[in-house]
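The entries below follow the order in which I went through them.

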Amino acid sequence: MQLVLEKRAERSNTIALVSPLIAIGLTIVTMTILFAILGKNPFLALHAYFIAPLSDSYSLQEIAVKATPLVMIAIGLSLCYLANAWNIGAEGQFLIGAVAGSWIAVKTQGTDAGAWVLPAMLVLAAAAGALYALIPAICKVKFGASEILTSLMLVYVADLFLDYLVRGPWRDPNGFNFPTTAEFDPVATVPLLIEGGRLHLGSVIALLVVAAAAVLLGRTIKGFEIRVVGAAPRAARFGGFNANQLIILTFAVSGALAGLAGIIEVAGPVGHLQPGISPGYGFTAIIVAFLGRLNPIGILIAGLFLALTFIGGEQAQIAMKIPLDVTKVFQGILLFYVLACDSLILYRFKLVFPNRQVARGAG
């Protein structure tokens, strides 16, 4: 008897709908076992991760703040993935956007610049993120280079470039030698939505991005082109759609959204440029995109869920001394189960009983 994967005659829509829920359930079961191995009460740990952050208004605001960059980056990545273009370097585009936008804040610091500063920072960050994302896209289209490898390697270039700036020319002379810029002026920061909290205008921008993506994919020819090129490349060619142009476009949009998320994070919750501004938003957004089924509304829900794990992980670290790295383990396991469960959309398990040949000797 053998257990094999057999290709389905047609795509299973039921599995496609419940696959994320199955993945989350399997992840929770796995984490329960992991908490027990660590000597922690699994039920208390799960309560700290998923229930406690929902119990007060401040934590709810923090969930929205964490979800903002995740959702914005994941929306851009979903466009790439739907077009069968694999942008893995959103983390680098996030950092480059943060650097580019911060340049204006650093140069206008203490000059009493006007209200134009923040809009200029947002535009420059989006442009920088788009240009940075075009590097792997052009290498893919012109030279056939793997966009997965090139976009991933550029993450480290962006990270080291940011580190150089805040330890060198942009370091705050009054910052006690810490690798950080001076605090941004009020005109260079994202306005808060709730006095005394950290919820900011970036969350509204993220919702607008979700709405725009939903309209793009569901109501426009370009959205139809993105889906057709990714799902049926041959049909797309017969229809006159240019896959290479679409790779350039989706990478540019993805990079722009990642760069915009980067400067919103720096000019919002952080307030200055420093190393470690991202706990891995660009990589976690990949999980968000797939967990949300590459659908804008699904991505919004998945972004809030992953943001909950960030806040829950911090609370579990404080309350139960659970290492914060367990949150990354959780997210990695979740991605594994999401991809594994997605394979059941096109394949199914089947038991195979091979014919047994019984050797008969001469009587």
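**Entry 1: Phe251.** I located Phe251 in helix H10, which covers residues 243-270. This is a predicted model, so I read every value here as computed from the prediction. I looked up the accessibility of Phe251 and got a relative accessible area of 0%. Phe251 is therefore buried, as the cut-off for that class is under 20%. Next I listed what Phe251 touches, leaving out residues up to four places away in sequence. The list holds Cys80, Ala85, Trp86, Asn87, Ala133, Pro136, Ala137 and Glu147.

**Entry 2: Ser19.** I found Ser19 in helix H1, residues 13-37. Is Ser19 buried or exposed? Its relative accessibility is 1%, so Ser19 counts as buried. Not counting residues up to four places away in sequence, Ser19 is in contact with Arg293, Val338, Cys341 and Asp342. For a C-alpha distance I took Ser19 to Leu291 and read 8.7 Å, although the two are 272 residues apart along the chain.

**Entry 3: the largest pocket.** I noted a volume of about 560 Å³ for the largest pocket. It is lined by 18 residues, and those closest to its centre are Arg11, Arg293, Leu294, Asp342 and Ile345. Two of these names, Arg293 and Asp342, I had already written down as contacts of Ser19. I then asked which elements give two or more residues to the lining. They are helix H3 (57-82), helix H8 (221-231) and helix H13 (325-346). H13 gives the most, with five residues. Sorted by class, the lining consists of 11 nonpolar, three polar and four charged residues.

**Entry 4: Leu294.** I went back to Leu294, one of the residues closest to the centre of the pocket. Leu294 sits in the loop between helix H11 (281-291) and helix H12 (296-320). With a relative accessibility of 15%, Leu294 counts as buried, because the cut-off is under 20%. I checked the backbone as well: phi of Leu294 is near 60°, a positive value in a residue other than glycine. I flagged this because most residues other than glycine have a negative phi.

**Entry 5: Phe176.** Phe176 is placed in the loop between helix H6 (147-167) and helix H7 (201-219). Its relative accessible area is 75%, so Phe176 is exposed. Leu294, by contrast, is buried.

**Entry 6: Glu225.** I picked Glu225 from helix H8, an element that also contributes to the lining of the largest pocket. What does Glu225 touch beyond residues up to four places away in sequence? The contacts are Phe241, Asn242 and Leu246. Glu225 has 10% relative accessibility and so counts as buried.

**Entry 7: Leu208.** I found Leu208 in helix H7. At 56% relative accessibility Leu208 counts as exposed, since the cut-off for that class is over 50%. I read 19 Å between the C-alpha atoms of Leu208 and Lys222, which are 14 residues apart along the chain.

**Entry 8: helix H4.** I checked the span of H4, which runs over residues 90-107 and has 18 residues. From its first C-alpha to its last H4 reaches 26 Å, close to the 26 Å expected at 1.5 Å a residue. For cover, I counted 15 of the 18 residues of H4 as buried, which leaves the helix mostly covered.

**Entry 9: the whole chain.** I closed with totals. The protein chain has 13 helices and two strands. Its C-alpha atoms fill a box of roughly 105 × 60 × 35 Å along the principal axes. Of its 363 residues, 48% are buried. Among contacts with a separation of 6 or more, 79% join residues 24 or more positions apart. The chain exposes about 18100 Å², and carbon and sulfur atoms supply 67% of that area.

Definitions and conventions. Residues numbered from 1 in each chain as written. Predicted model: local features only at pLDDT ≥ 70, side-chain atom pairs only at ≥ 80, totals over all residues. Heavy atoms only, no water. 1 Å grid on protein atoms, 1.4 Å probe; cavity = no way out; pocket = protein on both sides within 12 Å on 5 of 7 lines; lining within 4 Å. Points joined across faces, edges and corners; volume = space filled by probe spheres on them. Helix = DSSP H or I, 4+ residues; strand = E, 2+ residues; numbered from the N terminus. Nonpolar A, V, L, I, M, F, W, Y, C, P; charged D, E, K, R; others polar. Buried < 20%, exposed > 50% of the residue type's maximum accessible area, 1.4 Å probe, protein only. Contact = heavy atoms within 4.5 Å. Expected span 1.5 Å × (residues − 1). Areas by Shrake-Rupley, 256 points an atom, 1.4 Å probe, with all protein chains shown as cover.
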